[in-house]
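Colleague: I am new to reading protein models, and I would like to go through one slowly with you. Could we take it feature by feature, with the general idea before the particular case?

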Amino acid sequence: MNKPKLFGLISVVGLVLVVIISASYIWGSSWPNKGQATGFMTGTALSSLNASSPGVYVSYANSTIYINSSVSLPVMMGPMNAPSMYSFEILGMINPTIVAKQGITVEFTVINVDTDSYHNFVLSHSGPPYYYMGSMMQSPGLMNNMNFLPPAHSGNYAYTNLSYSFSEPGTYWYLCTYPGHAANGMYGKIVVV
Ligand SMILES: [Cu+2]
């Protein structure tokens, strides 16, 4: 191979590499948006999630979860099998009530299983009714901040963790602060006793 041909080949290979690297950079920065999630889990990891026990008791009849000791609890956002997309699914129940013993810490593993919409999981002192707002992120009574997790994509589910110690008895709420979601029913009650 003479020198001009070799130079030409190297130029073409270099150009192709630049295009591939640029494309992957643009793709990678547009999705997934890793700034909004702790990470992504596969469907297999998702289906193997369960509440740590002992300390968790479920009453399906009352759609209530009783938590008596510090545990981890998976929370699915926007389950596709739910009657409404404005739902949380916890231990197979839609928007269940959580009754927690005072002083325990719950490590919520929050996963967006919705393929269409962003969601988050925020604790609040303020109960329903919730109204449609441009953003509820600054609403009074919110007890934590959480970025909106992106929708599931190609079998990857965005998740993050929220650890909360319920040191005071009372009634609390969990809700999604994405505009319109809590107003449409995306919330549930937490009672600390
Ligand atoms: Cu939502």
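Modeller: Let us begin with the metal site, where a donor is an N, O or S atom within 2.8 Å of the metal, and where water is not among the atoms, so a site may look incomplete. Please keep in mind throughout that this is a predicted model.

Colleague: Which protein atoms are the donors of the copper ion, and how are the donor residues spaced in sequence?

Modeller: The copper ion has as its protein donors ND1 of His119, SG of Cys176 and ND1 of His181, which lie 1.9 to 2.2 Å from the ion. Along the sequence, the donor residues follow the spacing H-x56-C-x4-H.

Colleague: Are Cys176 and His181 buried or exposed?

Modeller: To read this you need one cut-off, since a residue counts as buried when its relative accessible area is under 20%. Cys176 has a value of 0% and is therefore buried, and His181, with a value of 4%, is buried as well.

Colleague: How much of the chain counts as buried, and what makes up its accessible surface?

Modeller: Of the chain's 193 residues, 40% count as buried, while the accessible surface comes to about 10200 Å², with 58% of that area belonging to carbon and sulfur atoms.

Colleague: How many helices and strands does the chain have, and in what order do the elements run?

Modeller: The chain contains two helices and twelve strands, and read from the N terminus the order is α-β-α-β-β-β-β-β-β-β-β-β-β-β. As for contacts in the chain with a separation of 6 or more, 71% of them are between residues 24 or more positions apart.

Colleague: I would also like to read the backbone; which residues other than glycine have a positive phi?

Modeller: Asn95 is one of them, with a phi near 45°, and this residue sits in the loop that runs between β6 (93-94) and β7 (97-100). Ser154 is another, with a phi near 55°, and its place is in the loop between β9 and β10. Ser154 is also exposed, because its relative accessible area is 66%, and the cut-off for exposed is over 50%.

Colleague: Where is there a cis peptide bond, and what is its omega?

Modeller: Pro128 and Pro129 are joined by a cis peptide bond, whose omega is about 5°. Pro129 belongs to the loop between β9 (122-124) and β10 (156-165), and Ser154 likewise lies in the loop between β9 and β10.

Definitions and conventions
Residues are numbered from 1 along each chain as its sequence is written. This is a predicted model: local features need pLDDT of at least 70, side-chain atom pairs count only at pLDDT 80 or more; totals for chains, interfaces and linings use all residues. Side-chain values use heavy atoms; hydrogens and water are left out. Helices (H or I, at least four residues) and strands (E, at least two) are DSSP runs, numbered from the N terminus. Buried means under 20% relative accessible area, exposed over 50%, partly exposed in between (1.4 Å probe, protein chains only). Donors are N, O and S atoms within 2.8 Å of the metal (3.2 Å for Na, K and Ca); water is not among the atoms, so sites may look incomplete. Contact means heavy atoms within 4.5 Å. Accessible areas come from the Shrake-Rupley method with a 1.4 Å probe; for residues, only the protein chains shown count as cover.
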